[in-house]
Amino acid sequence: MQSKGSSTRFTGMGIRSRMSTLLLSMFAAFASLYVAGRLWQDAENRVYLAKELDRITGQEKFVMSVDDSWKILECRERQKTLSGLEMELAAARQEGFVSKHLSETNRTPKKRPLVVIGILTGFARKSNRDAIRKAWMGTGVTLKRMEEQKGVIIRFVIGRSSNRGDSLDRSIDSENKQNNDIFILEKHVEAPEELPNKTKLFFAHASENWDADYYAKINDDVYVNIDAFRNTLAAHLDKPRVYIGCMKSGEVFSEEGQRWYEPDWWKFGDGKNSYFRHASGEMFVVSQALAKFISINRSILRAYAHDDVSVGSWFIGVDAKHIDERKFCCSSWSSGAICSGV
């Protein structure tokens, strides 16, 4: 015979069992509804997308994966976002807003210059500069036309006086104000022994100021046939890293007091030696890639006694194409020559 307590316990257990069963049944029902709803939603999306694709492509049947379906839905959402942004942009334009980027892209693209010519000069060389202006460089409108029509930018290149702001500096500033054709290297101090560094700074700063195909260094006692010069450079545009000039290899002078004395003569070997092959200093050209190389590495590029040797040394370990262009030999106006020294 069961006691009253036992009967009560069994009754409670039965109630809890029925409640658990009821909760499980409710959970299963909700889960079934959720799964059914998702399946119905996926099915509806598939039908909608299939109809849209049939309408667009004109096909009666189209098999599409679920991933493709969701990609198309995502594209539709992004299209709605873009449409909203376009409406906002249209409203902003009505209020007078114009994008800087749009205003720049609507302009006619500016043609890249073929070459920037730097004529290295000094304070006492004004007569040379005036002679070059009259002979082949031009001034004012003529100089501007050469830039716009022929893609040739020409500037005299000079540094500053060791006594900054003196009459030499003022004279150059006045001359530049009158002609607007002098490229002043503000951080360079003019001195004969600093010519290699001056050449280096010209290539560095010119490549930073002008986006040209080539950069040329010329002495201020050289006359140039611009049209022939342009034609020669145009023939090498397909080469990315070119070093063009009248290539030579002169003797290394080791005795102090000689005109072409090289303080670092010992770096070129013992006894009577020659320099490596390099372009003659009267006139030579480097492509944009090499000018950028000089600009980036100017703080560590070694300058020797002469600027032509210095420039040649910078390209020994670089994958540069040395072009021995005999037309750049400026000793005389020989047949087909581009330049002439005076």
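# Exercises on a predicted model

Alanine 337 sits in the loop between strand 8 and strand 9.

## Exercise 1. A residue of the loop

Task: Determine whether alanine 337 is buried or exposed, and find how far alanine 337 is from alanine 228 in sequence and in space.

Solution. 
1. The relative accessible area of alanine 337 is 9%.
2. Buried means under 20%, so alanine 337 is buried.
3. Alanine 228 is 109 residues away from alanine 337 in sequence.
4. In space, the C-alpha atoms of alanine 337 and alanine 228 are 8.3 Å apart.

## Exercise 2. Disulfides

Solution. 
1. Cysteine 246 belongs to strand 6 (residues 242-248) and cysteine 329 to the loop between strand 8 and strand 9; the pair links distant parts of the chain, 83 residues apart.
2. Both cysteine 246 and cysteine 329 are buried.
3. Cysteine 330 and cysteine 339 form a disulfide with their sulfur atoms 1.9 Å apart.
4. With the bonded cysteines of the protein chain numbered in sequence order, the pairing reads 1-2, 3-4.

## Exercise 3. Aromatic pairs

Task: State how many aromatic pairs a search of the whole structure finds, then describe the geometry of the pair formed by phenylalanine 203 and phenylalanine 284.

Solution. 
1. The search of the whole structure returns 6 aromatic pairs.
2. In the pair of phenylalanine 203 and phenylalanine 284, the ring centres are 6.1 Å apart and the planes make 35 degrees, a tilted arrangement.
3. Helix 7 (residues 195-209) holds phenylalanine 203 and strand 7 (residues 278-287) holds phenylalanine 284, so the pair ties together parts that are 81 residues apart in sequence.
4. Phenylalanine 203 is buried at 0% relative accessibility, and phenylalanine 284 is buried with a relative accessible area of 0%.
5. Another tilted pair is that of phenylalanine 229 and phenylalanine 328, with 5.7 Å from centre to centre and 50 degrees between the planes.
6. This pair links distant parts of the chain, with phenylalanine 229 in helix 8 (residues 226-234) and phenylalanine 328 in the loop between strand 8 (321-324) and strand 9 (339-341), 99 residues apart.
7. Phenylalanine 229 is buried at 0%, and phenylalanine 328 counts as buried at 1%.
8. One aromatic cluster is formed by Phe202, Phe203, Tyr243, Phe284 and Phe315.

## Exercise 4. Helix 7

Task: Compare the reach of helix 7 with the reach expected at 1.5 Å a residue, and list which of its residues are buried.

Solution. 
1. Helix 7 has 15 residues.
2. From first C-alpha to last, helix 7 reaches 21 Å, close to the 21 Å expected.
3. Buried in helix 7 are Pro196, Lys198, Thr199, Lys200, Leu201, Phe202, Phe203, Ala204, Ala206 and Ser207.

## Exercise 5. The second largest pocket

Task: Give the volume of the second largest pocket and identify which element gives the most to its lining.

Solution. 
1. The volume of the second largest pocket is about 380 Å³.
2. Its lining counts 16 residues, and Lys111, Pro113, Glu147, Glu148 and Gly151 lie nearest the centre.
3. Two or more lining residues come from each of helix 5 (140-150) and strand 2 (152-160).
4. Helix 5 gives the most, with 5 residues.

## Exercise 6. Two local features

Task: Describe the phi angle of asparagine 180 and the position of arginine 302 relative to tyrosine 304.

Solution. 
1. Asparagine 180 is in the loop between helix 6 (167-179) and strand 3 (182-189).
2. Its phi is near 55 degrees, a positive value in a residue other than glycine.
3. Most residues other than glycine have a negative phi.
4. Asparagine 180 is exposed, with a relative accessible area of 57%.
5. Arginine 302 lies over the face of tyrosine 304, 5.3 Å from the ring centre.

Notes
Residues numbered from 1 in each chain as written. Predicted model: local features only at pLDDT ≥ 70, side-chain atom pairs only at ≥ 80, totals over all residues. Heavy atoms only, no water. Phe/Tyr/Trp six-rings, centres within 6.5 Å; stacked < 30°, edge-to-face > 60°. Helix = DSSP H or I, 4+ residues; strand = E, 2+ residues; numbered from the N terminus. Buried < 20%, exposed > 50% of the residue type's maximum accessible area, 1.4 Å probe, protein only. Lys NZ or Arg CZ within 6 Å of the ring centre and 35° of its normal. Expected span 1.5 Å × (residues − 1). Disulfide = S-S within 2.5 Å. 1 Å grid on protein atoms, 1.4 Å probe; cavity = no way out; pocket = protein on both sides within 12 Å on 5 of 7 lines; lining within 4 Å. Points joined across faces, edges and corners; volume = space filled by probe spheres on them.
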